[in-house]
Structure formats: structure tokens, C-alpha cells
Amino acid sequence: MAEHIRGVPLAYISHGAGTPVVLLHAFPLNARMWSPQVEAVAEGHRLVTPDYPGFGRSPHPPAQPDVRYYAACVGGLLDRLELGRVVLGGLSMGGYVAFECLRLFPERVSGLILANTRPDPDPGEAREARKEMAWRVGEEGIGVLIELQMQRLLSPTTLEKDPRTVEEVKAMILESSPDGVVAALGAMRERSDSTPLLPEINVPTLVIGGEDDSISTPEVMGAMAEKIPGARHVTLPGAGHLSNLENPDGFNTALGEFLARL
Ligand code: MLT
């Protein structure tokens, strides 16, 4: 069921009933990227997946939000839905937002899923690349992201052998607004270092990524998992940066086992 709540600038999709599980999407996609997880999670859980401002069906963001703004929007959605404590997960940019949620309202997080993400801030060259990408989106339109992002997001196996996933990812990218994309690039570029937060995480945590992810490599994910007390680390074969879409069976098995143990 897709919905929109007045006063909270996030459209969201909700499936099932039970323990709430909130999954935050990657850049530059939207809540639909979690479609392969619906059946795996919805049994005994309520799966809630928001679109960030300017993505999917959410309205445009204010001039230049920071990552904390996206986290505050997630907090506002939890308030409006009257969700006290939730299992919170995020993939890539979703992980950056999840770290901010942990800073803003740690008491509301009962379990954590960090997928294809990293705790450190952008190094200098990545910051420059984000500026360049924002300029190109502003000048050339959203379509330029197909050229700039597809090779980063998907593994060579997916690009070659899974045309359906390739087309779904392209379609989601094209649903994003240039304003939303430029705002998210600025927010990610200025994000703070979440490495000091890792040893303080005191809820069950699943760290999950793809063996062919060149943005959040298995080494980056492994180092992050080692710093989180008791975290479980899973690396999925055949998957790049969008591991939940590229290896949905592996992702769902790990997610299902994690949720069953909470
Ligand atoms: C994402 O998938 O959310 C982005 O690739 C994150 C990033 O560029 O750092």
C-alpha cells in the first residue's frame, strides 16, 4: 500500500503487519528497490519503505538539506505512523541516513541492517565527483545518471545477464527529480564520519554487501562489521552495489535469519 502523510515530506510503501522494519533506499533510486524483500519480510512484520524528498513520489526537498534532514524526516514518519521501536535498515545512502537516525533517536532502533554502505566521509576526489555529477544533472537532466551510475551500481554479471534488473534500476533512476538528486549529492558530500559511532552500536546488526561492490567493497564492509560489537557480516556472490536486487535470494535468506533471531 503506497501512502503519503500530510506534514511529513516522505511518501512511503507499507506491507504486512507486526514488528516494524523500515528500509531506506540507495541513491538515486526509491522505495521500489525493496520490492524483492516484500515477501521475505512481510510475514510477521510490517515493512515500511519511504522515498526521500525528491525521489520516487516524495515532494522536493528544501534548498540544501544535510543527511540529518533525511533522518529527521524518517523520525517524523515513525511518529506519524506511531511506530515506537523499529528494525532499521539502509542500503548505501540509506546506511548514511541510518547512521544519522542512530544519532538522533537511538532508543527507537531495535536492530540494524547496514547494506552496501560505509561509515567514513567522502575523500576529496569523491567530493569533487559529486559536484561534477550535480552540475551535469542540472545541465543535462536526470538521464545523464544512467551513463554515470549504472556501471557503479551493478555487477558485471548483472549488467550482462539480468536485463530485467538493469531496466528496473534505470526506470527508478528516471523517476528521481533533478532537485532531489542534486540535494542528495550535496548532503552525501558533506556527511560526517560515522566510524566513531560503530563501537557504540548496541543492537543486533547485520552487515551485508556484494562481492563485486566497488563502492562499498567486501573489505570496507568487513572492517565496518569488525567495529560493531557482535555484528554478523554476509557477502553475497554475484552482487554489486545493489545486493538486495542483484542477489535477492541470498539477501532475503540473510535478512530472514536476522529478523527471526531478534
Ligand atoms: C548509493 O547507492 O546510495 C550511492 O552510491 C552512495 C554513494 O554514492 O556514496
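A: In this predicted model, the buried residues of helix 3 are Met-93, Gly-94, Gly-95, Tyr-96, Val-97, Ala-98, Phe-99, Glu-100, Cys-101 and Leu-102. Because 10 of its 12 residues are buried, helix 3 is largely enclosed by the rest of the structure. The helix covers residues 93-104, and its length can be checked: at 1.5 Å a residue, its 12 residues should span 16 Å, and the end C-alpha atoms are 17 Å apart, which agrees.

As a general rule, an α-helix has 3.6 residues a turn, so residues three or four places apart point the same way.

Ser-92 counts as buried because its relative accessibility is 7%, and the cut-off for buried is under 20%. Its phi is near 60°, a positive value in a residue other than glycine. Most residues other than glycine have a negative phi, and most peptide bonds are trans.

The peptide bond between Phe-27 and Pro-28 is cis, with omega about 0°. Pro-28 belongs to the loop between strand 3 (19-24) and helix 1 (38-42).

The polar atoms can now be considered. A backbone N or O atom of Phe-27 lies 2.7 Å from an oxygen atom of the ligand. For Ser-92, a polar side-chain atom lies 2.8 Å from an oxygen atom of the ligand. For Met-93, a backbone N or O atom lies 2.8 Å from an oxygen atom of the ligand. The ligand has 270 Å² of accessible area on its own, and the protein covers 98% of that area. The space that the ligand takes is the largest cavity.

Another residue with a positive phi is Asn-116, where the value is near 45° and the residue is not glycine. Asn-116 lies in the loop between strand 6 (109-115) and helix 4 (124-140). With a relative accessible area of 0%, Asn-116 is buried.

Methods: Residues numbered from 1 in each chain as written. Predicted model: local features only at pLDDT ≥ 70, side-chain atom pairs only at ≥ 80, totals over all residues. Heavy atoms only, no water. Helix = DSSP H or I, 4+ residues; strand = E, 2+ residues; numbered from the N terminus. Expected span 1.5 Å × (residues − 1). Buried < 20%, exposed > 50% of the residue type's maximum accessible area, 1.4 Å probe, protein only. Polar contact = N/O pair within 3.5 Å; in protein donor to acceptor, adjacent residues only side chain to side chain. Areas by Shrake-Rupley, 256 points an atom, 1.4 Å probe, with all protein chains shown as cover. 1 Å grid on protein atoms, 1.4 Å probe; cavity = no way out; pocket = protein on both sides within 12 Å on 5 of 7 lines; lining within 4 Å. Sits in = over half its atoms within 2 Å of the grid points.
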